[in-house]
Amino acid sequence: MNFETKQCQNCNKEFKIDSDDFEFYEKIKVPTPKLCFFCRLQKRLAFWLFGKFNRRKCDFSKENIISIHSHKTRFPVFKATYWYSDQWQPPQMDYNFSCSFFDQLYNLQIKTPKPHQFGTNNLDCDYCDDVWDSKNCYLCRSMANCENLSYSYRTVRCRDSYDLSYCFDSEQSYDCSYLFKIYNVQYAFNVKNSIDSAFLYDCHNVNNCFMCWNLRNKGYYILNKPYSKEEYFQKLKEYNLGSWNIIQFLKKEFQKHIQQNAIHRVDVNSKIIQSSGNYLSECKRCRSSYFLENSENCAYCFRGPGGNKDAYDATGIWKGELIYDVNQLTQGYNLKYSNYCTNCCDSEYLDFCVNCENCFGCVGLKNGHYCILNKPYNKEEYEKLIKSIKDSMMTEGVYGDFFPYKMAYGGYNLSLAGVFFPKTKEEINKMGALWEDIEETNTNIDIAPFIDDITMVKDDVLQKALICEESNRPFNLRKDELEFFRKHVIPLPHNYPDIRTLKRVRDLFCVVPINVHCFFCDKEITTYYPQEWNYKKIACEKCYLAEVA
């Protein structure tokens, strides 16, 4: 069979299952999906929290902790050091064939603790989540090997910076997205190996460049025009970069240049072979995937930092092989329909499990073998019971479904699904998902007026709050943050940190394919830039290399 057209049971749109898909589904013995790619992605991302950090009590020790889980969370929350210890054991349940599988799994989930923070080996990173091997970071998510970083998302080996998204090996930088090996860069997107610059778009190996695009191996440029070193710094004095109003004006002007003058490569991929999607790096035979690195034979995947092979419908996976319909995985083999697992294999329907093998429908289990609903069996009992459970689920029509929305760890509106697939409260309730209200912040606080120029800001701003212009939420400056702004002549932000992060993340979410014609040769190409961005010069790979490289 070459392909089959199905109708999504959620959005009712048609989607195709091709011969490669059928081959993979047969290989791992799973039914074909009922939902289209975007509805499958939306459901998994509902389990990836992106909410507010809360002060609460550890349900094990009763000490004060800071967690992405609020005190209203339906399951216990343990400080991570206790959760990963041997001081407690997860509850067990006998399987009941008179009850739905997902209802039983939900009841087990309610009783089973979660760690207050996802990630290990960190120092002074209390206000962070999904953080690994990092030090002194604040209000960051999804990061590894970072130090002295604040208000950032999806960063690796970055330090001494603020407001970064999807950046690698970057220092002393601010308000940037998709950067690799940069130093002292502000207001930039898709930049590599560059230093001492601001307002860059698609630039590689540049230094001392300002308001530039598509440059390669250049120095001392303004608006893509070359200057001598002396002329460059004299020209920069004409811009008061410490003024909030000036920066907003420059952002609008720079955006016009990006829309009208910049040449946009058909996608943001590098070193790929027989692959399709966007933000792929060193991938081979990866289809319809996004933000994937160093992976092979994958399809319909979203975010994977490397070492993945034979994975379908996976989000946030690292070193996974033979993976299907999984969210957040660190090392795994032959794992299906699972969420937040580490080093698990030959298992299905696991929720936050560690070092488990041949397990089915388990929650919070560590070092489990041949377990169902956390209860251990011998191999023969396990295999016999698993067959009966799967037969029952197939009769019920739920085998092959990811966890129901009600099992998500928090509100849909405070998840990555809420970021990329926003819904109203009524729509979320109708889906069977959760809505989580953000608790009111103390408004009886001293408010500092915004001062346009950073050089005019005094130290007393540290004892007061600023009010977000978009959400009306108060936020504070830290001493190190103010020192950074003064050092780099950057005006104070006018929006709450999470609002700034969400804006950068949404601008990266270019995953909807659009057919357009190359601006230069008129060849039909598939690109991912939203039409409302009004990019004029979108080029096929050949024309882009001819014009830019």
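Hi everyone, and thanks for coming. One thing before we start: the model is predicted.

Let's begin with a helix. H6 covers residues 244-260, which makes 17 residues. From its first C-alpha to its last it reaches 25 Å, close to the 24 Å expected at 1.5 Å a residue. Which residues of H6 are buried? They are Trp 244, Ile 247, Leu 250, Phe 254, Ile 258 and Gln 259. An α-helix has 3.6 residues a turn, so residues three or four places apart point the same way. And what covers the buried residues of H6? The cover includes strand S13 (174-204), strand S14 (207-213) and strand S17 (263-265).

Thr 501 is in helix H11, residues 497-508. Is Thr 501 buried or exposed? With a relative accessible area of 2%, Thr 501 is buried, because the cut-off for buried is under 20%. Not counting residues up to four places away in sequence, Thr 501 touches Phe 50, Tyr 151, Tyr 153 and Ser 165.

The other one is Asp 94, in the loop between helix H3 (80-83) and helix H4 (101-111). Leaving aside neighbours within four places in sequence, Asp 94 is in contact with Gln 104, Leu 373, Lys 375 and Tyr 377. Take Leu 373 from that list: Asp 94 and Leu 373 are 279 residues apart in sequence, yet 7.0 Å apart in space, C-alpha to C-alpha. With Lys 375, the side chain of Asp 94 makes a polar contact, side chain to side chain, at 2.3 Å.

Now to the aromatic rings. How many aromatic pairs are there? The count comes to 73. I picked two of them. In the pair of Phe 24 and Tyr 312, the ring centres are 4.0 Å apart and the planes are at 5 degrees, so this pair is stacked.

My other pick is Tyr 166 with Phe 291, a tilted pair, 5.1 Å centre to centre with 45 degrees between the planes. This pair also links distant parts of the chain: Tyr 166 is in strand S12 (residues 159-171) and Phe 291 in strand S20 (residues 289-293), 125 residues apart. Tyr 166 is buried, with a relative accessible area of 3%, and Phe 291 counts as buried at 4%.

Lys 16 lies over the face of Phe 3, 4.7 Å from the ring centre. The charged end of Arg 40 sits over the ring of Tyr 300, at 5.1 Å from its centre.

That brings us to salt bridges. A search of the whole structure finds 31. In one of them, the side chains of Lys 79 and Glu 63 meet at 3.1 Å, N to O. Lys 79 lies in the loop between strand S5 (77-78) and H3, and Glu 63 in the loop between strand S3 (54-57) and strand S4 (64-67), so the pair ties together parts that are 16 residues apart in sequence. Lys 79 is partly exposed at 27%, as is Glu 63 at 25%.

Here is S17 again. Arg 265 forms a salt bridge with Glu 541, with the closest N and O atoms 2.9 Å apart. Arg 265 lies in strand S17 and Glu 541 in helix H12 (residues 541-547), so this bridge ties together parts 276 residues apart in sequence. Arg 265 counts as partly exposed at 22%, and Glu 541 is partly exposed at 31%.

Asp 391 and Lys 387 both lie in helix H7 (residues 379-396), four residues apart, about one turn of the helix. Their closest N and O atoms are 3.1 Å apart. Asp 391 is partly exposed at 35%, whereas Lys 387 counts as exposed at 55%. Finally, salt bridges that share partners join Arg 40, Arg 44, Asp 313 and Asp 325 into one network.

Notes
Residues are numbered from 1 along each chain as its sequence is written. This is a predicted model: local features need pLDDT of at least 70, side-chain atom pairs count only at pLDDT 80 or more; totals for chains, interfaces and linings use all residues. Side-chain values use heavy atoms; hydrogens and water are left out. Helices (H or I, at least four residues) and strands (E, at least two) are DSSP runs, numbered from the N terminus. The expected span of a helix is 1.5 Å times one less than its number of residues. Buried means under 20% relative accessible area, exposed over 50%, partly exposed in between (1.4 Å probe, protein chains only). Contact means heavy atoms within 4.5 Å. A polar contact is a pair of N or O atoms within 3.5 Å; within protein, one must be able to donate a hydrogen and the other to accept it, and residues adjacent in sequence count only if both atoms are side-chain atoms. Rings of Phe, Tyr and Trp (its six-membered ring) pair if their centres lie within 6.5 Å; planes under 30 degrees apart count as stacked, over 60 as edge-to-face and the rest as tilted. A charge sits over a ring if NZ of Lys or CZ of Arg is within 6 Å of the ring centre and within 35 degrees of the ring normal. A salt bridge is a side-chain nitrogen of Lys or Arg within 4 Å of a carboxyl oxygen of Asp or Glu.
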